[in-house]
Every structure is written in structure tokens, then in C-alpha cells.
Amino acid sequence: MGFSIGVDIGGTKIAAVIVDEQGVILYRSKVSSNTNNAESMFKQVVTCIDQVLKKANLSISQIKAMGVGVPGKVDRLNGIAVYQNNLPWIDFPLVNRLREAFSIHHIVIDNDVYMAAYAEWKKLNVAPNSTCVYVTISTGISCSIIQNGSFLRGEGFAGEIGLCPITGVDGQLTTLENAASGPAIYKLARERMGNSITSTQDFFQAYIAGDKLASDVMDEVIPAISQGIYSIISLLDPHQIVLGGGVINHHPFLLDLIKQNIGPFLISEQKEALGRITGSKLKGDSGVIGAALCSWENVMCSNTTPEQNFTF
């Protein structure tokens with residue numbers, strides 16, 4: 001039996017799993033990101049992978065492949081992390097460095113949202129000719145589009161919906177990411193609610209408890225997200241829109257708030273789209289599972305229709 005490693009690298013944390021040939025997670029590890037500089041960040045990636053290997057008590061010879069999800073722009077063919085706005089890597093030769101560290105030849109990398117989208121798409125088992133969009137709302141905001149079993153990549157930066165301009169409740173232009181990502185929500189909550197908010201989770205707990213100031217903050221966050229989702233509906237009219245990432249996964253009640261806010265924007269011919277908006281099936285595991293599956297199937301998440309031969 002062979003095993004594969006899936007790694008999901010983010011601005012806040014790094015997660016790694018080992019899966020078997022059926023795509024079942026057997027072991028997992030997680031460490032905090034260290035974004036001080038390129039080498040400190042890479043060291044944390046190595047630490048996370050080392051930890052999961054030690055838990056599994058496996059030799060490197062038993063690891064057949066490794067898949068790695070990285071934020072931002074990725075050069076998949078050359079294994080380079082080109083640019084990320086929340087990591088200190090610019091043109092970082094991630095695949096070569098990982099090969100040096102672990103002596104694993106078969107390593108694939110891709111944008112982390114694409115990896116997660118791949119796993120969610122396989123889990124949905126939708127019609128081959130469908131259009132599916134996975135949206136992540138976490139440290140950043142981004143999306144990935146799968147149409148006819150292939151990713152729409154453009155020149156390599158497609159899906160960065162977090163960079164799109166939106167109009168805030170104050171009438172000022174900002175970006176979706178600056179209005180509704182996890183750090184943006186925390187910043188806004190601190191400005192409005194003071195030092196009682198020490199984390200994003202504090203804000204959501206206050207909102208659930210009925211805090212008026214928290215409700216006012218939410219009245220700014222939800223319309224921002226809704227503008228982004230409505231843009232996707234109007235542009236692509238997808239058969240499925242999956243919302244994931246930490247903000248949504250940890251607070252699933254946001255899904256209904258988003259749908260309620262989108263509703264008034266929709267013309268009659270678009271109303272049915274609300275039923276096609278769902279939450280993530282795999283939650284926080286989508287990124288690592290997608291990375292592991294991509295490496296197992298020898299697919300760089302490129303414009304190739306993958307075989308749907310995994311169950312999980």
C-alpha cells in the first residue's frame with residue numbers, strides 16, 4: 001500500500017494529512033504559520049510535514065506523492081509559489097525545496113483554493129458538463145471555477161474575487177477582501193466594539209448573543225459578501241456555488257444571512273440560484289484532501305478531466 005501527503009498552507013496555519021489509496025485521512029498535523037520571512041515560513045511547512053510523518057511512523061519510501069496548496073499565484077509547471085499577499089514568498093521554489101527536504105520526487109502544487117475546490121467538486125459528484133464555483137472566506141477571499149471538469153484559470157490569477165471593488169454601507173469603494181475576510185471582520189469589530197473583542201470568534205459570539213454593535217458590524221459584512229456572490233451568479237450562473245473557508249465553516253448560520261441579502265438583488269429568472277448555494281461538505285479538510293487527491297491522481301489540477309474514482 002502507498003500513501004500520499006496533502007498540505008494546505010495558509011497565512012494563519014499550515015495543515016498536513018496522510019491519506020491512503022482510497023483518499024481516507026489516516027493522520028493529520030497542524031502548526032501556526034510564521035510569516036516573518038520566506039525561510040521561517042518554509043521551516044514551519046517542513047515542521048508540519050515532519051510531525052505528520054512521525055505520527056504515521058512511515059518511511060519516505062512509503063510516500064508515493066505529495067500535493068501542496070498555496071495561496072495566490074502559483075507556477076504549477078515549475079513548482080514555484082509566485083506571489084501571495086499573506087505570505088512572505090515571492091518566486092519561491094517550493095517544490096524543489098520540498099524535494100530536498102523529504103526526497104519525494106512526485107510533488108505537485110497549486111493554488112490552495114483550487115485544491116479545495118477540486119475536493120468539493122469530487123464530493124458533489126455533479127454532472128460532467130456542470131459549472132461549479134467554490135468560494136473561500138477566510139484569511140483572504142477567493143474563488144475557483146470548474147466548468148466541464150476543468151478549471152478556468154485565465155493567465156493564472158483567475159478567481160481572485162477578493163480583489164474586486166464593492167461599495168460599502170458608507171458609500172465608499174473598497175475591496176471584498178478588505179470588507180469581509182476574517183481579518184477585516186476582526187478589524188471592523190475592534191473599531192466598533194472596542195477592546196472587548198480580542199478575536200473574530202469574540203465578535204461572532206457577541207452577535208449570536210444579540211449584541212447591538214455586533215449586529216451593526218454584521219450589517220456591513222453580509223452585504224459585502226452578498227455583492228461578491230451576486231457577481232458570480234450574474235456572470236456565470238453556476239449549477240453549484242459552495243461557500244467554505246474558516247469564516248463560513250465555523251459559522252454556518254451565515255449561509256442563510258447571505259442568501260437573505262442576495263434575494264432582493266435577483267430578478268425572477270435568477271431566483272432559483274439561491275437553492276444552488278450550499279456550504280462546504282468537507283469543511284476544513286477540503287484543502288488537504290484536494291491536495292492529496294491531486295497528487296495521487298497525477299493531476300496538477302490543470303485543464304484535464306480527472307477520473308472520479310475516490311470516495312470519502
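Let's start with the largest pocket, which has a volume of about 1200 Å³. This is a predicted model, by the way. Lining that largest pocket are 50 residues. K13, S138, T139, G245 and G246 lie nearest its centre. Which strand gives the most to this lining? Strand β2, residues 13-19, with four residues. By class, the lining of the largest pocket has 25 polar residues, 16 nonpolar and nine charged.

Next, the second largest pocket. About 480 Å³ of space lies in there. Its lining comes from 27 residues, and T174, N178, A179, A184 and L188 are the closest to its centre. Several elements each supply at least two lining residues: β12 (165-167), β13 (173-175), α4 (176-180), α5 (182-193) and α7. Helix α5 gives the most, with six residues.

Now keep α7 in view. The crossing of α7 past α9 is right-handed.

Who touches whom? On the α7 side, take M218, I222, P223, I225, S226, I229, Y230 and I233. They meet L254, L257, I258, N261 and I262 in α9. What classes make up that contact of α7 with α9? There are 11 nonpolar residues, two polar and no charged.

Key. Residues are numbered from 1 along each chain as its sequence is written. This is a predicted model: local features need pLDDT of at least 70, side-chain atom pairs count only at pLDDT 80 or more; totals for chains, interfaces and linings use all residues. Side-chain values use heavy atoms; hydrogens and water are left out. A crossing is left-handed if the near helix is turned anticlockwise from the far one by less than a right angle, and right-handed if clockwise. Contact means heavy atoms within 4.5 Å. Ala, Val, Leu, Ile, Met, Phe, Trp, Tyr, Cys and Pro count as nonpolar, Asp, Glu, Lys and Arg as charged, and the others, Gly among them, as polar. On a 1 Å grid over the protein atoms alone, a cavity is a set of points where a 1.4 Å probe fits but cannot get out, and a pocket is an open set with protein on both sides within 12 Å along at least five of seven lines; lining residues have an atom within 4 Å of a point. Grid points are joined across faces, edges and corners, and a volume is the space filled by probe spheres set on the points.
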